[in-house]
Amino acid sequence: MFGTRTSAFLKLSKRDLKYDFPASVVVFLVALPLCLGIAMASGAPLFAGLLTGVIGGIVVASISKSPLSVSGPAAGLTVIVLGAIQSLGAYETFLLAVVIAGVVQVILGILKAGMIGNYFPSAVIVGMLAAIGITIIMKQIPLALGLVETHAFEMDNGHGIGAYFDTIASAINFGALIICALSLAILIFWPSIPKLNKVPAPLVVVMLGVSLAYLFNGSAFQLHDKQFVLVPIVGSFAEFTGLFTLPDFTQIVNKDVWIAGFTIAIIASLETLLSIEAVDKIDPYKRNTPT
C-alpha cells in the first residue's frame with residue numbers, strides 16, 4: 001500500500017525448510033513493528049501497515065521470482081505518502097491514488113519496462129540506499145533514547161544550549177537506552193561468534209528486547225506505554241471488517257489524485273528496481289531477478 005520492495009519466490013522444499021522457517025520467523029518479527037511504524041509515520045491507519053505486510057508476504061511472494069528480497073511497506077515512500085494524504089485531504093482519496101499507482105505498475109510490467117533499472121549507475125543505488133538508511137536512523141534516534149515526546153529534541157532559543165541538553169537528559173528513558181545499546185551490540189558482534197551465529201542476530205535482539213521490557217516493569221527502567229508497538233485489536237468479526245477502507249472513486253476526475261498516483265508508481269517502481277539490483281549484487285550465487 002505504501003509501495004513495495006520485492007519479494008521471495010515461493011518454493012516449497014524440505015531441503016530448504018530448515019533455512020526458510022527461521023528466516024521467516026525473523027522477517028515476521030522484524031516486519032511487524034516495521035509495518036506499524038511506517039504506517040504511523042505515513043499518517044495512515046495502523047491496520048493499513050499490517051495489511052500491506054500480509055499482501056507483500058503472501059500475494060507478492062507467490063508470484064515474484066526474486067529469491068532473496070522481501071516485500072512490504074517501503075520506508076523510502078513515507079514522506080511521499082504522508083504528503084499525499086495531507087494534500088488530498090482524505091485517506092479514502094489517497095487510496096484511489098494507490099489504485100491508480102497499482103494499475104500503472106501493472107502496465108509497466110506488461111510493457112517490460114523494468115529494464116530501465118539496468119541504466120541506473122551504481123552511485124544511484126548506493127545513494128538511494130544510504131539516504132533511506134540515514135532517514136531511518138534519524139527517525140530512530142529519539143526512540144533509541146526513549147524520548148516519548150519528540151519536542152524534547154527541539155531547540156529553545158530562549159534558554160540556550162545548556163537547557164536544551166538538560167531537557168533531553170531529563171526525558172531519556174534509560175530502559176529503552178539499555179535495550180537499544182545491547183541490541184546494537186548483538187547485531188554487530190553476534191555474527192562473528194562461532195556456534196552462536198547459527199541463530200539469527202535479529203531474532204536474538206527481538207527476544208532480548210521483549211524479555212528486558214518485561215523485566216523492567218516496576219523498576220526505574222520501566223518503559224512507557226507509548227514505547228510499545230500498539231497492534232490493532234478487534235473484539236468481533238464486524239469490528240474486523242470495519243477496519244477495511246474503500247477508495248473514494250468519486251475523486252477519479254481529481255487531477256491531484258492522478259499526480260499522486262503516478263508519483264507513487266514511479267518512485268515505488270524505481271525503489272523496487274534499485275533494491276533488486278542491490279540484492280542481486282550481494283547474492284553469492286549471482287542469481288538475477290527478472291525486472
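Tutor: Happy to! Let's start at lysine 255, which counts as exposed because its relative accessibility is 59%, over the 50% cut-off. This is a predicted model, so please read every value here as computed from the prediction. The side chain of lysine 255 meets that of aspartate 256 in a salt bridge, with 3.4 Å from N to O. Aspartate 256 has a relative accessibility of 36%, and therefore counts as partly exposed. Side chains of opposite charge can pair when their charged atoms come close.

Glutamate 277 pairs with lysine 281, and their closest N and O atoms are 3.8 Å apart. Both of these residues belong to helix H10, where they sit four residues apart, about one turn of the helix. Lysine 281 is partly exposed, at 44% relative accessible area. Then there is arginine 287, whose salt bridge is with aspartate 283; here the closest N and O atoms are 2.9 Å apart.

Now turn to what helix H10 packs against. Helix H10 covers residues 255-282, and its axis comes within 11 Å of the axis of helix H3 (residues 78-88), the two crossing at roughly 175°. Since that angle is over 145 degrees, H3 is roughly antiparallel to H10. On the H3 side, the residues that meet H10 are Ile80, Ala84 and Leu88. They face Asp256, Val257, Ala260, Thr263, Ile264 and Ile267 in H10. Notice that aspartate 256 turns up again: this salt-bridge partner of lysine 255 is also among the H10 residues that meet H3.

Staying with helix H3, have a look at threonine 78, which is found in that helix. Threonine 78 is buried, with a relative accessible area of 13%. Leaving aside residues up to four places away in sequence, threonine 78 touches Ile38, Ala41 and Ser42.

In helix H2 (residues 46-63) you will find isoleucine 55, which is partly exposed at 39% relative accessible area. Isoleucine 55 belongs to a nonpolar surface patch together with Val54, Ile58, Val59 and Ile63, and the patch has about 470 Å² of accessible area. Phenylalanine 174 lies in helix H7, which spans residues 174-189, and this phenylalanine is partly exposed at 45%. From phenylalanine 174 to glutamine 222 there are 48 residues in sequence, yet their C-alpha atoms are 8.6 Å apart in space.

The chain has ten helices and zero strands. Of its 291 residues, 31% count as buried. Among contacts with a separation of 6 or more, 78% join residues 24 or more positions apart. The chain exposes about 17,900 Å², and carbon and sulfur atoms supply 72% of that area.

Technical notes: Residues are numbered from 1 along each chain as its sequence is written. This is a predicted model: local features need pLDDT of at least 70, side-chain atom pairs count only at pLDDT 80 or more; totals for chains, interfaces and linings use all residues. Side-chain values use heavy atoms; hydrogens and water are left out. Patches are made of residues with over 30% relative accessible area and no salt bridge: like charges are joined within 9 Å, nonpolar side chains (Val, Leu, Ile, Met, Phe, Trp, Tyr) within 5 Å. Accessible areas come from the Shrake-Rupley method with a 1.4 Å probe; for residues, only the protein chains shown count as cover. A salt bridge is a side-chain nitrogen of Lys or Arg within 4 Å of a carboxyl oxygen of Asp or Glu. Buried means under 20% relative accessible area, exposed over 50%, partly exposed in between (1.4 Å probe, protein chains only). Contact means heavy atoms within 4.5 Å. Axes are lines fitted to C-alpha atoms, for helices over the stretch in contact, and angles run from 0 to 180 degrees between N-to-C directions. Angles under 35 degrees count as roughly parallel, over 145 as roughly antiparallel, 65 to 115 as roughly perpendicular and the rest as oblique.
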